[in-house]
Amino acid sequence: MNIEFENAALEELYTNGATQDHQYKRLPKDIIKRYIKVVNYIKGVRRLEDLFLIKSLHYEKKKGDLNGVDAVWINDQYRLFFYSSPDETGIIVNALLFEISKHYE
């Protein structure tokens with residue numbers, strides 16, 4: 001799957017394992033490692049439907065206020081939110097990562 005990052009902090013966190021962005025610089029090391037692993041999982045699948053096969057991600061399409069947003073678990077507390085879009089054949093193969101969120105906060 002093709003991965004893009006909506007903000008530089010998420011890309012920096014993925015490539016360097018750290019960022020100076022105030023929103024993400026205090027993330028625990030194990031969450032950062034797991035984030036990198038989750039992004040690699042998303043990169044490794046051929047299409048969005050393949051994420052269902054990786055049970056630990058708990059992939060879901062959000063509803064309500066987050067309608068149109070996809071989410072996967074980083075762990076039981078943190079979620080990675082992204083937008084997905086299809087290629088010219090209609091198969092969803094693009095992901096735009098936009099936020100790491102602490103669940104229920």
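In this predicted model, strands S4 (residues 78-86) and S5 run antiparallel and are joined by 9 bridges. Within this pairing, Phe81 has Glu99 of S5 as its bridge partner. The two strands form a hairpin with 5 residues between them. Gly90 of this hairpin adopts a positive phi near 95 degrees.

S5 also pairs with strand S1 (residues 2-5). Here the strands run parallel, and 4 bridges join them. Asn2 has Asn94 of S5 as its bridge partner.

S5 spans residues 92-102. Of its 11 residues, 8 are buried, so the strand is largely enclosed by the rest of the structure. Buried here denotes under 20% relative accessible area.

The largest nonpolar core comprises 30 residues. Tyr35, Ile42, Leu80, Phe82, Leu97 and Ile100 have the most contacts inside it. At least two residues of this core come from each of S1, helix H1 (8-16), helix H2 (29-44), S4 and S5. H2 provides the largest share, with 6 residues. In soluble globular proteins, nonpolar side chains tend to be buried together.

Neighbours within four places in sequence are left aside here. Tyr35 is then in contact with Phe5, Leu10, Leu13, Tyr14, Ile74, Leu80, Leu97 and Ile100. Among these partners, Leu80, Leu97 and Ile100 also belong to the group with the most contacts inside the core.

Conventions. Residues numbered from 1 in each chain as written. Predicted model: local features only at pLDDT ≥ 70, side-chain atom pairs only at ≥ 80, totals over all residues. Heavy atoms only, no water. Buried < 20%, exposed > 50% of the residue type's maximum accessible area, 1.4 Å probe, protein only. Pairing = 2+ DSSP bridges. Core = buried A, V, L, I, M, F, W, Y, C linked by side-chain atoms within 4.5 Å. Contact = heavy atoms within 4.5 Å.
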